[in-house]
Each structure stands twice: as structure tokens, then as C-alpha cells.
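Subject: Structure for your review

Dear colleague,

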Amino acid sequence: MKEIDSKQIDAWKKAHGDVFKVEVDGKVCYLKKPDRKVLGAASVLGKNDPMKYNEVLLENCWLDGDEEIKKDDSLFLGVSSHLAEIIEIKTAEIKKL
């Protein structure tokens with residue numbers, strides 16, 4: 001894979017917000033945070049096939065990286081185990097008035 005420099009990472013951050021680097025067995029990929037649209041599609045498609053949820057997230061959050069991660073099952077599963085970490089959920093409070 002080509003080397004990703006800080007200039008490229010800064011450009012991604014400007015365009016997408018948070019950027020994540022995931023490494024597995026010497027392979028690397030760069031991901032952005034999913035939006036509601038991606039999470040919704042992943043949830044619908046993953047309802048009957050949990051792996052499909054991860055496939056949709058990886059494909060739609062992918063910025064760059066070693067393509068083998070998408071194709072090799074063991075690499076894919078390694079990255080999949082960390083996909084939940086790119087989903088930010090803020091804590092909300094509710095008060096009865």
C-alpha cells in the first residue's frame with residue numbers, strides 16, 4: 001500500500017471529521033465515521049446476516065488502505081472486531097416535565 005501522509009489525513013479530517021487507522025496482520029486501512037444513512041443501511045442489511053452489517057460499514061467508511069482487508073476473511077474479521085469503535089454514541093439525558 002502507498003504511504004498515507006499527514007496532509008492526506010488532514011484533508012480527510014476536514015472532509016469527514018474523525019479518521020481512524022486500523023491495522024491487522026501488517027495491513028492497514030483508513031476509515032471515517034459512519035453517518036445515519038450508512039448505519040441505517042447496515043442495520044437493515046445486517047438484520048438477517050450480521051456479517052453484512054460489517055461489510056456495509058467497512059465499504060461505506062473506507063477512505064483508503066490495503067484492499068486485501070476487504071477480500072481476505074481473516075483480515076476482514078480482524079477489522080470487523082473494531083468497527084463498533086468508530087461509531088460515536090453520545091450520552092443523552094431525559095427529564096419528565
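A residue is called buried when its relative accessible area is under 20%, exposed when that area is over 50%, and partly exposed in between (1.4 Å probe, protein chains only). Please note that this is a predicted model, in which local features need pLDDT of at least 70 and side-chain atom pairs count only at pLDDT 80 or more, whereas totals for chains, interfaces and linings use all residues. Residues are numbered from 1 along each chain as its sequence is written, and side-chain values use heavy atoms, with hydrogens and water left out.

Overall arrangement

The protein chain has five helices and three strands, in the order α-β-β-α-α-β-α-α along the sequence. Helices (H or I, at least four residues) and strands (E, at least two) are DSSP runs, numbered from the N terminus. Of the 97 residues, 31% count as buried.

Helix α3

Helix α3 comprises 12 residues, 50–61, and its end C-alpha atoms are 17 Å apart; this agrees with the 16 Å that it should span at 1.5 Å a residue, the expected span being 1.5 Å times one less than the number of residues. Its buried residues are Asn54, Val56, Leu57, Leu58 and Cys61. They pack against β2 (27–32), α2 (36–45), β3 (62–65), α4 (68–71) and α5 (73–80), where contact means heavy atoms within 4.5 Å.

Two of these residues may be considered individually. Asn54 is buried because its relative accessible area is 12%. Leaving aside residues up to four places away in sequence, Asn54 touches Phe76, Ser80 and Leu83. Leu57 has 0% relative accessibility and therefore also counts as buried. With the same exclusion, Leu57 touches Pro34, Val38, Leu39, Ala42, Leu83 and Ile87.

The pairing of α2 and α3

The axes of α2 and α3 come within 7 Å and cross at roughly 155 degrees; axes are lines fitted to C-alpha atoms, for helices over the stretch in contact, and angles run from 0 to 180 degrees between N-to-C directions. The two helices are therefore roughly antiparallel, a term for angles over 145 degrees. On the α2 side the contact includes Val38, Leu39, Ala41, Ala42, Ser43 and Leu45, and on the α3 side Lys52, Tyr53, Val56, Leu57 and Asn60. These residues divide into eight nonpolar, two polar and one charged, where Ala, Val, Leu, Ile, Met, Phe, Trp, Tyr, Cys and Pro count as nonpolar, Asp, Glu, Lys and Arg as charged, and the others, Gly among them, as polar.

Yours sincerely

How values were computed: Parallel < 35°, antiparallel > 145°, perpendicular 65-115°, else oblique.
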